[in-house]
Amino acid sequence: MTGPKHLTITPALGAYLAAGSTAPEAVTASLARRTAELGDAAGMMIPLEQAGLLTLLARLLDARTVIDVGTFTGLSALALARGLAPGGRVITCDNSDEWRPLAEEHWQRAGVDDRIDFRAGPAARTLRTISGPVDLVFVDADKMNYPLYYELAVPLLRPGGLLLLDNVLLDGHVADPQGAGDMLMRRCAERVDAVNRQVAADDRLDAVMLPIADGLTIARRRF
Ligand SMILES: C[S@@+](CC[C@H](N)C(=O)[O-])C[C@H]1O[C@@H](n2cnc3c(N)ncnc32)[C@H](O)[C@@H]1O
């Protein structure tokens, strides 16, 4: 009998995975490096292997309209913009513009700034201003509002469009929210766990949860 196949990704295997994927372009690597220099905040950035996956998925969808919830220093927006069909655009939103100059510098250097529309303010407010259909929504902002982002994003998707939810494992706490260290983390874990269950049972979606980085759900809107 075979058991589940689970590998612990050691630093050596992490390097092997990176070497087995197309190397990030210089401007993408620069953005990751400059973000790392920010110190603790850098932990919010998506890993480079996830950036490569976002580009690939946008390209596979021939995406014309993409929403990026949680801009930070702009790596997900950059990755998604690289995968757009000609004439496509990424709407990215953040309630902070602290990191916007770093993001915009790299979007310009990559030649995709004309395809990225940054919207300042709470993500839920921005999502309510967008009318679908959209090809892809990537959710990577505050975990407390994941239920709201999920509720607002799914109706915007075209049939065949993708909802991507990041951090669905939340450092492992989703499996035992009460074991999470502090009250905020417990509440976030409960919210993300609730969304994970809803997505799995949602008859509008076909979903797969992947153990990449902190967990990524890819859910396709059914026809
Ligand atoms: C994990 S980071 C996003 C990382 C980014 N996607 C990347 O590619 O590196 C989360 C971002 O969500 C933003 N955020 C948090 N709460 C928000 C809210 N209610 N509305 C909009 N943005 C929010 C934070 O300011 C932060 O920049």
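Which helices and strands cover the buried residues of H7? The tour below reaches that point after an overview of this predicted model.

**The whole chain**

Eight helices and seven strands are present. The radius of gyration is 17 Å, close to the 17 Å that the globule rule gives for 223 residues, so the protein is as compact as a globular protein of that length. Along the principal axes, the C-alpha trace spans about 50 × 40 × 40 Å. If the 223 residues are coloured by burial, 39% of them fall in the buried class. Among contacts between residues at least 6 apart in sequence, 68% link residues at least 24 apart.

**The sheet**

Next, select the strands. They form an open sheet of seven strands with mixed pairing, in the order S3-S2-S1-S4-S5-S7-S6. At its edges are S3 (116-120) and S6 (205-210), each of which pairs on one side only. Neighbouring strands of the sheet are turned against each other by 15° on average, with direction ignored.

To see one bridge pair, display Ala-207 together with its partner Ala-219 in S7.

**Helix H8 on the sheet**

H8 lies across S5, S6 and S7, and the helix runs at about 135° to S6.

**Helix H7 and its cover**

Select residues 146-153, which make up helix H7. Show the side chains of Tyr-146, Tyr-149, Tyr-150, Leu-152 and Ala-153, which are buried. The opening question can now be answered: the cover over these buried residues includes three strands of the sheet, namely S1 (65-69), S4 (134-139) and S5 (157-166). Helices H6 (123-129) and H8 (183-201) are also part of that cover.

Methods: Residues are numbered from 1 along each chain as its sequence is written. This is a predicted model: local features need pLDDT of at least 70, side-chain atom pairs count only at pLDDT 80 or more; totals for chains, interfaces and linings use all residues. Helices (H or I, at least four residues) and strands (E, at least two) are DSSP runs, numbered from the N terminus. The radius of gyration is taken over C-alpha atoms; the globule rule is 2.2 Å times the number of residues to the power 0.38. A residue is buried if 20 or more other C-beta atoms lie within 10 Å of its own, exposed if 12 or fewer, and partly exposed in between; C-beta atoms are placed from the backbone. Two residues are in contact if their C-beta atoms, placed from the backbone, lie within 7 Å. Two strands pair if DSSP finds at least two bridges between them. Axes are lines fitted to C-alpha atoms, for helices over the stretch in contact, and angles run from 0 to 180 degrees between N-to-C directions.
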